[in-house]
Amino acid sequence: MTAAANLRLHINDDVKAVGAPPAPLRDVRALPARGADHAELLAQLQSLRADDTDWRTGRCFSLVYHASDEHTAFLKEASNAFFCENGLNPMAFKSLKRMEHEVVRMAASLMHGDADVVGTMTSGGTESLLLAMKTYRDLARKTKPWILFPEVVLPATAHVAFDKASHYFGIKIRWAPIGPDLRVDVDAVARLINRNTVMIAGSAPQYPHGVVDPIEALSALAVEKKIPLHVDACVGGFVLPFIEKLGHFVPRWDFRVPGVTSISADLHKYGYTAKGASVILYRNMDYLKHQFFVSTDWPGGIYASPSIPGTRPGGPIAAAWGGLQAMGVDGYCDLTQRALQACDQLKAGVARIDGLKIIGSEHTTIVTWTSSSPDADVYAIADQLEDLGWHVDRQQHPACVHLTVTANHLPIVDAYLADLAKAVAFVKDHPEVKSRGNAAMYGMMAKVPIRAMVKSTVQKVMEQMYGKDGSMDLAAAQGSGPIDTFINRNQEQVMKAFDVIDDVAGSTIARIKRLRGVR
């Protein structure tokens with residue numbers, strides 16, 4: 001059994017075109033004895049991107065948030081102006097500290113924070129969530145020293161970076177289920193809280209389906225239990241405020257909600273700034289101070305750090321500071337309006353395709369579609385879309401496809417819907433494609449009941465990609481155990497068996513709910 005698990009390599013998209021013809025690629029294994037020609041290297045960089053996702057024309061619905069070529073050119077200038085500066089020492093580069101402070105103040109104002117709200121910039125949403133988990137663990141160490149094994153309660157749809165933080169920092173996660181509306185079940189959260197709980201969290205919105213968790217209800221619970229509440233707005237932090245300004249309903253999620261103690265929001269997503277920029281905000285310094293790291297005994301001197309990295313590149317800080325101001329409220333409202341228009345057209349178009357339906361996609365600029373018919377296999381459709389030149393974000397539980405929609409996608413909505421309809425028709429006419437290629441792999445991985453098997457397979461993929469050959473031949477990352485061998489040899493039969501298990505499990509759960517009077 002092999003697995004790509006949505007793993008892709010993405011070469012830096014910020015290399016400027018140099019007008020040189022594609023250069024033949026060399027396999028670089030050692031530092032050259034003599035420095036290579038700049039023009040030749042720049043031409044090779046262009047050649048390296050030949051197989052990259054085509055994000056400029058909107059055929060990629062995540063990873064890159066493009067406002068306009070003019071805005072991107074400005075971000076590059078702003079970043080290059082502080083290309084060499086290092087935020088490691090704010091006393092040496094006071095300019096970076098001032099810009100970071102002003103970015104934090106702009107974000108806090110947008111999210112209805114008062115003058116006491118403080119925070120830092122980070123390298124992205126993952127670092128922001130790592131820091132939230134670390135901060136509340138350390139806060140508990142000071143205020144609740146009896147907690148030896150800290151725990152947090154999170155929605156099942158919370159971002160995987162929380163899981164990474166749990167792994168890194170030794171914090172146990174108690175997962176709360178989601179309801180039929182795909183929002184976290186607050187009663188379940190209440191039942192999972194115990195004397196070791198150091199934080200609860202909600203998403204605004206959650207990434208898989210684009211819905212905002214019931215933050216106000218979580219807030220009431222957090223206040224009652226005297227537990228911090230973190231809101232992960234890494235996707236929504238710089239788009240939800242403008243959706244609301246445009247007159248659309250958005251559930252309350254920010255510092256207007258009294259129990260919210262911190263918010264993370266990515267600047268490099270809907271803030272349309274350069275990559276490597278997010279913010280984490282705290283209601284006051286009583287929380288933020290537990291994020292800091294201070295060492296006083298190192299022979300190299302006293303060392304203090306506000307976030308995880310030591311070196312903090314100046315470019316993303318400068319680009320965020322400039323990008324926010326260059327865009328302004330009017331610019332963000334315009335981009336948001338066009339993104340919402342694209343969303344509406346996508347949702348209406350998907351609804352017209354027999355065999356598909358929209359799930360979630362309620363509060364923000366995320367569209368998620370899934371199958372409404374047994375003969376419209378999601379992963380097989382995804383394969384067809386990739387063959388037609390689209391980058392596809394496959395998801396599981398349930399099998400569905402995620403689209404993070406920006407203004408850049410408005411011009412290509414009709415093309416996407418036409419290709420999607422074509423892909424669905426092909427899969428219905430050729431049911432055998434369900435058991436081939438990526439469709440079989442993703443379908444099987446989503447259904448394998450022993451998740452350790454999936455983890456082992458993805459681990460092998462990572463070893464293959466980052467091993468001595470750096471191979472992107474994911475098919476070579478085969479499991480070697482007896483179970484893997486059996487599945488590889490009997491893939492189609494195993495898939496059918498998993499389908500039967502799914503059907504039996506689904507009917508059993510439905511029967512239990514009926515007996516309990518649960519809808």
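**Reading the core, the sheet and a helix**

Modeller: In the largest nonpolar core, which has 59 residues, Phe-238 and Trp-253 touch the most other members. A nonpolar core is a set of buried Ala, Val, Leu, Ile, Met, Phe, Trp, Tyr and Cys residues joined through side-chain atoms within 4.5 Å, where buried means under 20% relative accessible area with a 1.4 Å probe, counting protein chains only. This is a predicted model, in which local features need pLDDT of at least 70 and side-chain atom pairs count only at pLDDT 80 or more, while totals for chains, interfaces and linings use all residues. Residues are numbered from 1 along each chain as its sequence is written, and side-chain values use heavy atoms, with hydrogens and water left out.

Biologist: Which element gives the largest share of this core?

Modeller: In soluble globular proteins, nonpolar side chains tend to be buried together. Here the elements that give two or more residues include helix H3 (94-110), strand S7 (278-282) and helix H10 (314-351), and the largest share, 9 residues, comes from H10. Helices (H or I, at least four residues) and strands (E, at least two) are DSSP runs numbered from the N terminus. A second, separate core of 31 residues includes Phe-61 and Val-378.

Biologist: What is the order of the strands in the open sheet?

Modeller: Strands of a sheet pair through backbone hydrogen bonds, either parallel or antiparallel. In this case the 7 strands follow the order S1-S7-S6-S5-S4-S2-S3, with mixed pairing, two strands being paired if DSSP finds at least two bridges between them. Strand S1 (118-122) and strand S3 (172-176) are at the edges with a single partner strand each, so one side of each is left without a neighbour in the sheet. S5 and S6 run parallel and are joined by 4 bridges, and Asp-232 has Ser-264 in S6 as its bridge partner.

Biologist: Which strands does H3 touch where it packs on the sheet?

Modeller: H3 touches S1 and S7, and its direction makes about 115° with that of S1; contact means heavy atoms within 4.5 Å, and such angles, from 0 to 180 degrees, lie between N-to-C directions of axes fitted to C-alpha atoms, for helices over the stretch in contact. The buried residues of H3 include Leu-96, Met-99 and Glu-100, and what covers the buried residues of H3 includes S1, H8, S7 and H10. After H3 comes His-112, whose phi is positive, near 60°.

How values were computed
Buried means under 20% relative accessible area, exposed over 50%, partly exposed in between (1.4 Å probe, protein chains only).
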